[in-house]
Amino acid sequence: MSKVTVITGGTSGIGRGIVEKILANSAEDDLIFATYAHNAYKAIILKADMSSYDDMMNFVGEVKEKAGHVDWLISNAGISTYDKFQDYTFEEWNNIVNTNLSVPVFMVKEFMPVMTEGGRVL
């Protein structure tokens with residue numbers, strides 16, 4: 001059975017390094033899902049805004065449909081701002097919290113049923 005890896009934020013920085021390492025060590029039939037990419041990989045690239053619950057749910061649905069299971073889930077997408085805390089707007093704060101905390105937690109929740117083996121979560 002092929003190994004399935006899901007990674008958010010896999011197009012630059014640490015995420016890109018992770019994707020490249022996985023690609024270098026993956027078997028021919030392994031699948032790698034990333035939320036967006038600037039370059040072509042031996043991966044299935046799906047654009048998704050990881051601050052959006054709806055985009056995350058669409059991403060999860062596509063992964064489940066195409067792969068059926070997930071072996072690795074790397075929640076790498078994250079954002080910050082150079083604004084001073086006292087200058088944050090409510091919308092900026094919500095975007096940061098959704099991207100870095102809320103959406104990743106619910107993505108794990110959605111993937112858990114397809115990340116089990118023998119009734120236990122891996």
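## Salt bridges

A salt bridge here is a side-chain nitrogen of Lys or Arg within 4 Å of a carboxyl oxygen of Asp or Glu. By this rule, the count comes to 2 salt bridges. The model is predicted.

R16 pairs with E20, and their closest N and O atoms are 2.8 Å apart. Both residues sit in helix α1, residues 13-24. They are 4 residues apart there, so about one helical turn separates them. An α-helix has 3.6 residues a turn, so residues three or four places apart point the same way. R16 is partly exposed, because its relative accessibility is 28%. E20 is also partly exposed, at 38% relative accessibility.

The other bridge joins the side chains of E110 and K109, at 3.9 Å from N to O. That distance falls within the 4 Å cut-off. E110 counts as buried, because its relative accessibility is 16% and the limit for buried is under 20%. K109 is partly exposed, with a relative accessible area of 49%.

## Overall fold

The protein chain has 3 helices and 6 strands. Along the sequence, the pattern reads β-α-β-β-α-β-α-β-β. The chain has 122 residues, and 32% of them count as buried.

Which contacts span the sequence? Take the contacts between residues at least 6 apart in sequence: 62% of these join residues at least 24 apart. The accessible surface of the chain comes to about 7,500 Å². Carbon and sulfur atoms hold 54% of that surface.

## Helix α3

Helix α3 covers residues 90-111. The helix has 22 residues. From first C-alpha to last, α3 reaches 29 Å, close to the 32 Å expected at 1.5 Å a residue. Where does α3 bend? The bend is at N98, by about 50°.

The buried residues of α3 are I96, T99, V103, P104, M107, E110 and F111. What do the buried residues of α3 pack against? Their partners are β1 (4-8), α2 (53-67) and β4 (72-75).

## A nonpolar patch

Helix α3 supplies the largest share of the patch, with 3 residues.

L101 is found in α3. Is L101 buried or exposed? L101 counts as exposed, because its relative accessibility is 51% and the exposed class begins over 50%.

L73 lies in strand β4. L73 is partly exposed, because its relative accessible area is 21% and buried means under 20%. Leaving out residues up to four places away in sequence, L73 touches V6, M107, V108, F111 and M115. The C-alpha atoms of L73 and T8 are 8.5 Å apart in space, although the two residues are 65 apart in sequence.

D71 sits in the loop between α2 and β4. Which residues does D71 touch, not counting residues up to four places away in sequence? The contacts are S2, K3, V4 and M115. D71 and K3 are 68 residues apart along the chain, yet their C-alpha atoms are separated by 5.9 Å.

S51 lies in the loop between β3 (44-45) and α2. S51 is buried, because its relative accessible area is 15%.

What does S51 touch, not counting residues up to four places away in sequence? S51 touches N95, N98, T99 and V103. One of these, N98, marks the bend of α3. S51 and N94 are 43 residues apart in sequence, and their C-alpha atoms are 8.8 Å apart.

Notes:
Residues are numbered from 1 along each chain as its sequence is written. This is a predicted model: local features need pLDDT of at least 70, side-chain atom pairs count only at pLDDT 80 or more; totals for chains, interfaces and linings use all residues. Side-chain values use heavy atoms; hydrogens and water are left out. Helices (H or I, at least four residues) and strands (E, at least two) are DSSP runs, numbered from the N terminus. Buried means under 20% relative accessible area, exposed over 50%, partly exposed in between (1.4 Å probe, protein chains only). The expected span of a helix is 1.5 Å times one less than its number of residues. The bend at a residue is the angle between axes fitted to the seven residues ending there and the seven starting there. Contact means heavy atoms within 4.5 Å. Accessible areas come from the Shrake-Rupley method with a 1.4 Å probe; for residues, only the protein chains shown count as cover.
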